[in-house]
Amino acid sequence: MSVNCSLWQENSLSVKRFAFAKFSEVPGECFLLFTLILLMFLVSLTGNALITLAICTSPALHTPMYFFLANLSLLEIGYTCTVIPKMLQSLVSEARGISREGCATQMFFFTLFGITECCLLAAMAFDRCMAICSPLHYTTRMNRGVCAHLAIVSWGTGCIVGLGQTNFIFSLNFCGPCEIDHFFCDLPPVLALACGDTSQNEAAIFVVAILCISSPFLLIIYSYVRILVAVLVMPSPEGRHKAFSTCSSHLLVVTLFFGSGSINYLRPKSSHSPGMDKLLALFYTAVTSMLNPIIYSLRNKEVKAALRRTLGLKKVLTMNR
């Protein structure tokens, strides 16, 4: 169902308000999707909040690896809160509209959290590389100052890219239609509504994707090649197993996040389709955010122990009240 753009424009030159496309004209399908996404959203929020709380309250987890994991969990909370609530509203009501300013704000935060996560995953790979390849120098090379610097660079890169891309796109005029064929203000579907030549914007999105998605991914590959070489020369099977076990959760998260993101942003424009773009976006905004805390808690004994202590402490506090 198309939206009457005359209701969404302040003047004939630029659309001042957008609307998200409907997922389906069948109410039953929308309700089912609403239930599934809401469940994933709640699991993601609960899991990531518990992991952050467990790391902050457990001195045994005050190490570089868990410092980055706490940052990652906070990112996932911000990531899902930026996109999912508006998506849930659009699924069960006719209030599918969003102002130009609101769309720009959503795009900025989505880009901020997405780019920062790419950089943080690379920092986590570097941390594992230092821990396995240079164990004797690990504590000095990955001290608090280095970890804080890597986190600041990751967040700063995300902020700069988010501001730059959002400002670049919303400096354009949008002549209509005003319906975004997506469920949030992602860069390509919003850019598709802009007037005139957008080739420079498309090139900028592609360059940023290369620099901020491919570059961190290549750094991760390089780190894991070094890890693999170091593990293969270890004399004991127990040492090899321990080394691989410390990397397996991170490697699985990297595969899920970069796999879906690369397919969405780096494949040729001619192969894009609205249905596939929505499916991929749903995967890396809702599904991976839900799976990350599950992966780290199920495959990490220290995190599981910290979570048990955290939940046990909450039970004690509740009983005392």
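## Aromatic pairs and a helix contact

In this predicted model, the count of aromatic pairs comes to eleven. Two of these pairs are set out in the table, since a pair of aromatic rings is described by the distance of the centres and the angle of the planes.

| Pair | Centre to centre | Between the planes | Class |
|---|---|---|---|
| Tyr 79 and Phe 110 | 5.3 Å | 20° | stacked |
| Phe 108 and Phe 109 | 4.9 Å | 65° | edge-to-face |

The stacked pair of Tyr 79 and Phe 110 links distant parts of the chain, with Tyr 79 in helix α2 (residues 64-92) and Phe 110 in helix α3, 31 residues apart. Buried means under 20% relative accessible area, so Tyr 79, at 3% relative accessibility, counts as buried, and Phe 110, at 4%, counts as buried too. Tyr 79 and Phe 110 also belong to one aromatic cluster with Phe 183 and Phe 184.

In the edge-to-face pair, Phe 108 is buried, with a relative accessible area of 15%, whereas Phe 109 has a relative accessible area of 34% and is therefore partly exposed.

Helix α3 (residues 100-133) also meets helix α5 (residues 144-170), their axes coming within 7 Å and crossing at roughly 150°. Because angles over 145 degrees count as roughly antiparallel, α3 and α5 are described as roughly antiparallel to each other, and their crossing is right-handed. Sorted by class, the residues in the contact of α3 with α5 comprise 18 nonpolar, seven polar and one charged.

Notes. Residues numbered from 1 in each chain as written. Predicted model: local features only at pLDDT ≥ 70, side-chain atom pairs only at ≥ 80, totals over all residues. Heavy atoms only, no water. Axes fitted to C-alpha atoms, helices over the stretch in contact; angles between N-to-C directions. Helix = DSSP H or I, 4+ residues; strand = E, 2+ residues; numbered from the N terminus. Parallel < 35°, antiparallel > 145°, perpendicular 65-115°, else oblique. Left-handed = near helix turned anticlockwise from the far one by under 90°. Nonpolar A, V, L, I, M, F, W, Y, C, P; charged D, E, K, R; others polar. Phe/Tyr/Trp six-rings, centres within 6.5 Å; stacked < 30°, edge-to-face > 60°. Buried < 20%, exposed > 50% of the residue type's maximum accessible area, 1.4 Å probe, protein only.
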